[in-house]
Amino acid sequence: PADGGIMVLGSGAYRIGSSIEFDWCGVSAIRALRGMGYSATMVNYNPETVSTDYDECDRLYFEELSRERVLDIYERDSADGVVVSVGGQIPNGLAIPLDKAGVKILGTPAAMIDNAEDRQKFSSALDEIGVQQPRWSELSSTESALEFANDVGYPVLVRPSYVLSGAAMNVAWTDEQLRACLDEAADVSPDYPVVISDFIEGAAEIEMDGVAKDGEIIAAAIHEHIENAGVHSGDATLVLPAQDLTAYQKQRVRDASRKIAKRLNITGPLNIQFVAKGTDVMCIECNVRASRSFPFVSKTMGVDFIEAATRAMVGEDTSKMNLPDLETRNRPANFVGVKAPMFSFTRLRGSDPVLGVEMASTGEVACYGASKEEAFLKSLLSTGFGMPKKNILFSVQDSLTDEATHSAYQLHELGYKLYATRQTAAALQKNHVPCEVVAYPTEEGSETSDPNALDLIKSNEIGLVVNIPTYESKRLEDNFLMRRTAVDFGVPLLTNMNLVKCFTDAVYKSKMVPGEMLGLHPKTLFEHYESEKDSDAWTNPTEYH
């Protein structure tokens, strides 16, 4: 390699959607390059990152990630090439302008990155290679969008191009909502097309994280979301290896992934997202860059996917890395990994703690267990979610009460006392699940003699709030007040039916089969230090650590 070395573009400022996962990817790329004998240059401007530690790279430029500044550095150093695929969306968005300026982009060609990011081009490419996708249309006017929505039937998904963390991505259920979504999408992504597609209700979401070389996939991991499609992948709870997918669904994912990698001539990291319902397995997105699940996938699979991607981008051999490919069936063989999101709703006064297609999480925890339930419960408890010790409050949209009944009965059988808002209580009692009625937050004392839901939450009477709204919900203020009060008073909150089912199954298994699950008592570092004997510590008691 020449003295110029290889430039790696970092992830920039930490914010919702772009955080330490991408910094891990950048650092792994630098370390892999240096390990192969290349000179590595990092360009990043965030002092919080490991990538900006002066001893991580051969050269560090603490500069903004813009076309102009990257070009200055590229020309000054006579760099051999630039890696744009390990720092998230900011460097990925620079691929086209840098390529036009004559910069050598390592890995996937810039034109192909554009074909994946530009919604209209990507959807056309999927049609061309015969990969199934939800029905879609490029937006040319509000009238055509309304016409499409009424043709395929609501709900529909509005998706701008070149955005991270689902910015301005929205699900619309009515003409009025669709108009509002279109205005927002046009503001966020004015230079690129906005695509509208059929939103598949009740579909499972699947992801394939992988590494390709010259259009052939050389490393792959297929994982599933516990939540149904409609929750952003950054907010979803991931399970690897997938536990609930059929062999047929996995094969459809493998076939589609091969076709997409070949069509886009990918070299380097890629992340493809699918929705599955019945016999349909449809591609909804492809990111020709590292995704935020790469650290989790690498840890779980026991091999660094970013190192493999970096080797592929500079043309080095990966055959001795023991990479799991699309045909690998037994990794990991004896444990399950679950990655759960962490949120900062307590610090965002007035925000609504409910999940949607736009990302809201600010962190994550991955845990491992012998089963999905054990790994899920460990990861959930590690996010600060307290195991309820007493009463549980249910307030569920009418269309979900049948599903909620099964979970509610499991919790009743475990000895929890259930409270429920009026309509939910009526449905549970009709199904022979004992519960006490509570008044909605906005009901005044004279209207009802039942205790008020908010008073119970505030007085620490409730150990868990289950509040699951849908687009049909009429009591929007009541639902919001219950969710927000739970967050403000530190009461665990679940707002997704699939999470409720998974949680109740896991708690049921842990309580009904004592000793079945291990390690369900997470400690903070401070609690660990307090319980540690002086003889076990690696520092003196008076020393700061």
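I began with E443, which forms a salt bridge with R422, their closest N and O atoms lying 2.8 Å apart. (A salt bridge here is a side-chain nitrogen of Lys or Arg within 4 Å of a carboxyl oxygen of Asp or Glu.) This pair links distant parts of the chain, 21 residues apart: E443 sits in the loop between β18 (436-438) and α15 (453-458), and R422 in helix α14 (residues 422-430). Helices (H or I, at least four residues) and strands (E, at least two) are DSSP runs, numbered from the N terminus.

A note on the source: this is a predicted model, where local features need pLDDT of at least 70 and side-chain atom pairs count only at pLDDT 80 or more, while totals for chains, interfaces and linings use all residues. Residues are numbered from 1 along each chain as its sequence is written, and side-chain values use heavy atoms, with hydrogens and water left out.

Next I checked exposure (buried is under 20% relative accessible area, exposed over 50%, partly exposed in between; 1.4 Å probe, protein chains only). E443 is buried at 13%, whereas R422 is partly exposed at 30%.

R422 also meets D450 in a salt bridge (3.4 Å, N to O). D450 lies in the loop between β18 and α15, 28 residues from R422.

Then I turned to strand β12 (residues 268-277): nine of its 10 residues are buried, so it is largely enclosed by the rest of the structure. I found it antiparallel to β9 (residues 204-213), with nine bridges joining them; strands pair if DSSP finds at least two bridges between them. Seven bridges pair β12 with β13 (residues 280-287), also antiparallel.
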